[in-house]
Number of protein chains: 2
Amino acid sequence: MSDRPLSFEIYRESSRTKARRGRLRLRHGIVDTPIFMPVGTQAAVKSLDPRDLAEIQARIILSNAYHLMIRPGSKQVAARGGLHRFMRYDGNILTDSGGFQVFSLKELRRLSDDGVEFRSHLDGSLFKMTPESLVEVQEDLGPDIAMMLDECPPAQAPHDEVAIAVERTTRWAKRNVAARRREDMAWFGIVQGGLFEDLRQGHAEAMRELPFDGFAVGGVSVGENTEEITRIVKFTAPLLPRDKPRYLMGVGTPGDLVRGVAAGIDMFDCVMPTRNARNGQLFTSNGRIVIKNAEHRESEQPVDAQCSCYTCRTFSRAYLRHLYTAGEVGYHRLATLHNLSFYLNLMAKIRSELDMDTFDAERMLREMGPAAE
Amino acid sequence: MSDRPLSFEIYRESSRTKARRGRLRLRHGIVDTPIFMPVGTQAAVKSLDPRDLAEIQARIILSNAYHLMIRPGSKQVAARGGLHRFMRYDGNILTDSGGFQVFSLKELRRLSDDGVEFRSHLDGSLFKMTPESLVEVQEDLGPDIAMMLDECPPAQAPHDEVAIAVERTTRWAKRNVAARRREDMAWFGIVQGGLFEDLRQGHAEAMRELPFDGFAVGGVSVGENTEEITRIVKFTAPLLPRDKPRYLMGVGTPGDLVRGVAAGIDMFDCVMPTRNARNGQLFTSNGRIVIKNAEHRESEQPVDAQCSCYTCRTFSRAYLRHLYTAGEVGYHRLATLHNLSFYLNLMAKIRSELDMDTFDAERMLREMGPAAE
């Protein structure tokens with residue numbers, strides 16, 4: 001292993017698609033790619049503990065600099081020994097900047113070339129994020145991978161507005177590079193450009209000149225439909241450096257993951273498995289089920305007979321439905337264990353097919369049928 | 001082991017107090033007494049799963065016939081193979097009748113000698129509980145120990161009102177005995193009588209004539225102060241058959257457990273450790289702490305340095321405080337694991353002192369200091 005905070009090796013390329021089978025070496029261990037990263041916004045994957053994360057074989061999770069900056073504060077986390085020690089999690093962590101969350105505040109924010117001012121969603125107190133402050137915040141948190149501050153316009157933004165955001169993001173990327181102090185953290189750049197291929201191309205070309213350890217496709221999953229996402233990801237991924245990990249932010253359904261891998265994406269995150277778990281939607285090999293539905297009332301079946309997670313090994317749908325309808329907080333964790341296992345198992349299956357070079361996205365999507373949604 | 005659903009052996013009696021060191025043999029394993037039973041009202045100890053219960057070494061938990069009758073319905077549970085199989089819990093279960101919950105409905109109930117009619121707290125639909133229906137419900141659920149339906153008047157009820165409740169409870173006890181069909185379940189009788197020693201004595205004498213496998217002191221923890229509870233428990237426990245387990249329902253603080261053991265009680269249950277966990281109150285060797293308090297913001301200490309539960313082995317107060325203030329659902333489980341461990345560890349310590357015949361309630365309470373509250 002090199003002394004760099006991140007090294008990435010591609011040891012198999014798919015003959016039918018642009019998919020890559022790779023391996024990330026990070027400070028907290030090896031991550032086989034393509035990988036899905038469970039979301040743990042507030043220094044916790046909702047309802048799970050670090051043993052649960054080990055059990056479902058999560059190798060890298062996401063957290064959010066914006067949320068932690070506001071509560072408990074990045075200096076607090078630094079004083080507690082950094083994010084890994086604070087959470088007692090010894091796997092890898094990627095922190096998103098949280099710029100996406102700030103841009104979605106709308107009323108509460110003021111954007112300038114310097115950065116973005118906003119009022120906390122908790123108590124209205126004023127904060128400012130600049131490329132430099134986000135470096136400091138994330139260097140306080142000390143994840144294995146940190147994301148630069150970018151400007152993320154909404155999906156319906158017109159060409160000239162997106163063009164301005166792209167230019168600004170490039171300037172912010174250079175300020176990110178200049179502001180870094182720690183040498184043990186990897187940094188990812190983010191390519192914006194909305195649904196405009198000329199802007200995506202221009203931004204990818206500008207960003208790939210800068211010293212980042214990996215690159216993300218940003219500004220996706222902000223309101224587009226599946227076809228638009230697929231088109232932009234297929235267009236943008238090949239523009240990113242071949243020898244560095246590619247991360248598709250905030251995507252998506254199981255089918256989106258398969259399509260993303262086929263386009264050459266190595267890393268994914270999405271709140272869908274964790275959020276759907278809470279809301280009673282469970283992923284299965286036959287498509288999503290709504291656990292509160294009366295059809296599960298007497299079901300002795302596990303959520304998914306093909307799944308070997310603790311929840312599926314142990315409990316009937318009837319019992320999970322009871323916990324859900326009775327408002328039992330324990331439901332939340334059992335559902336989350338399953339939904340994340342479903343996502344992580346899908347990625348393991350994709351990796352296995354890539355190992356054997358049998359990965360065929362169209363066939364896989366066909367076989368998944370409703371389970372892709 | 002005998003063919004009876006319950007056998008109880010006292011193998012050491014305390015020389016300083018009325019405490020007993022015993023062993024219960026039940027259908028789902030041995031329970032060393034005195035024991036505390038975590039409360040799992042709706043077929044789940046809130047936030048925990050069966051592995052968690054095994055980890056904290058809970059040997060018997062409580063559930064509630066009234067709650068399960070209303071949701072998901074006792075026939076549903078029976079069709080799922082009974083309560084143990086429904087929950088996938090292979091330890092012992094005691095079901096309370098839930099009469100206590102029904103009597104606390106006040107506006108929604110109508111009491112007669114036949115039983116009690118009430119409207120569901122969920123949807124207002126009409127239910128009736130009789131001694132016979134409660135036998136049927138609990139024989140559907142199939143716990144290791146079931147509680148008879150009793151009438152539980154409030155703490156401030158006058159002598160003549162309590163006297164009527166006592167008489168009715170005795171008549172209901174006889175109907176309970178007559179209605180039983182299953183031979184593999186143990187049944188406990190309940191002694192009422194409020195704060196009146198003459199009524200407690202009369203009721204204990206009436207109840208001990210009936211074929212129950214154990215006896216509970218009921219009608220305590222319905223609004224009395226500690227002195228009143230202590231007085232009634234000390235008075236009532238010795239009136240119960242010496243060779244059968246004695247259960248003090250719904251009690252109490254750590255100190256209440258020590259005092260209860262000294263009075264000759266073998267089994268306890270209380271929502272306090274689980275409810276306090278949710279509300280941010282954690283038990284420690286130095287007394288309860290309120291985790292949201294600012295003093296814990298930077299604390300690297302575990303909740304209780306003397307505790308070896310997963311939560312205390314793993315997390316700092318600072319992190320638990322963060323989870324609590326951030327509204328993270330995972331806090332709930334970590335706090336519950338600790339509070340129940342605190343209670344179960346206290347009982348283990350009491351048993352150990354009884355084994356050595358060093359148990360001295362006054363000394364123990366003195367040494368516990370604020371931890372008794």
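**Figure 1. Contact between chain A and chain B in the predicted model.** In this predicted model, 30 residues of chain B are in contact with 30 residues of chain A. On the side of chain B that touches chain A, the elements giving two or more residues are α4, α13 (317-325) and α14 (329-355) of chain B. Sorted by class, this side of chain B comprises 14 nonpolar, 8 polar and 8 charged residues.

Figure 2. Helix α13 (residues 317-325) of chain A has 8 of its 9 residues buried, so the helix is largely enclosed by the rest of the structure. The buried residues of α13(A) begin with the run A:Arg317, A:Ala318, A:Tyr319 and A:Leu320, and they also include A:Arg321, A:His322, A:Leu323 and A:Tyr324. After α13(A) comes A:Gly327, a residue with a positive phi, near 70°.

**Figure 3. The three-stranded sheet of chain A.** The view shows an open sheet of 3 strands in chain A, with the order β1-β2-β3 and antiparallel pairing. Strands β1 (7-13) and β3 (29-33) of chain A form the edges, each pairing on one side only. On average, neighbouring strands of the sheet are turned by 15° against each other, direction ignored. Between β1(A) and strand β2 (residues 20-26) of chain A, the antiparallel pairing extends over 6 bridges. A:Ile10 has A:Gly22, in β2(A), as its bridge partner.

**Figure 4. Helix α14 of chain A on the sheet.** Helix α14 (residues 329-355) of chain A packs on the sheet and touches β1, β2 and β3 of chain A. The direction of α14(A) makes about 115° with that of β2(A).

**Figure 5. Packing of helices α7 and α8 in chain B.** Helix α7 (residues 159-179) and helix α8 (residues 197-207) of chain B pack at an angle of about 5°, and their axes are 10 Å apart. This angle makes α7(B) roughly parallel to α8(B). From α7(B), the contact involves B:Val162, B:Ala163, B:Val166, B:Thr170 and B:Ala173. The residues contributed by α8(B) are B:Leu199, B:Gly202, B:His203, B:Ala206 and B:Met207. By class, the contact of α7(B) with α8(B) has 7 nonpolar and 3 polar residues, with no charged residues.

Conventions:
Residues numbered from 1 in each chain as written. Chains lettered and ligands numbered in written order. Predicted model: local features only at pLDDT ≥ 70, side-chain atom pairs only at ≥ 80, totals over all residues. Pairing = 2+ DSSP bridges. Helix = DSSP H or I, 4+ residues; strand = E, 2+ residues; numbered from the N terminus. Axes fitted to C-alpha atoms, helices over the stretch in contact; angles between N-to-C directions. Contact = placed C-beta atoms within 7 Å. Buried ≥ 20, exposed ≤ 12 C-beta atoms within 10 Å, placed from the backbone. Nonpolar A, V, L, I, M, F, W, Y, C, P; charged D, E, K, R; others polar. Parallel < 35°, antiparallel > 145°, perpendicular 65-115°, else oblique.
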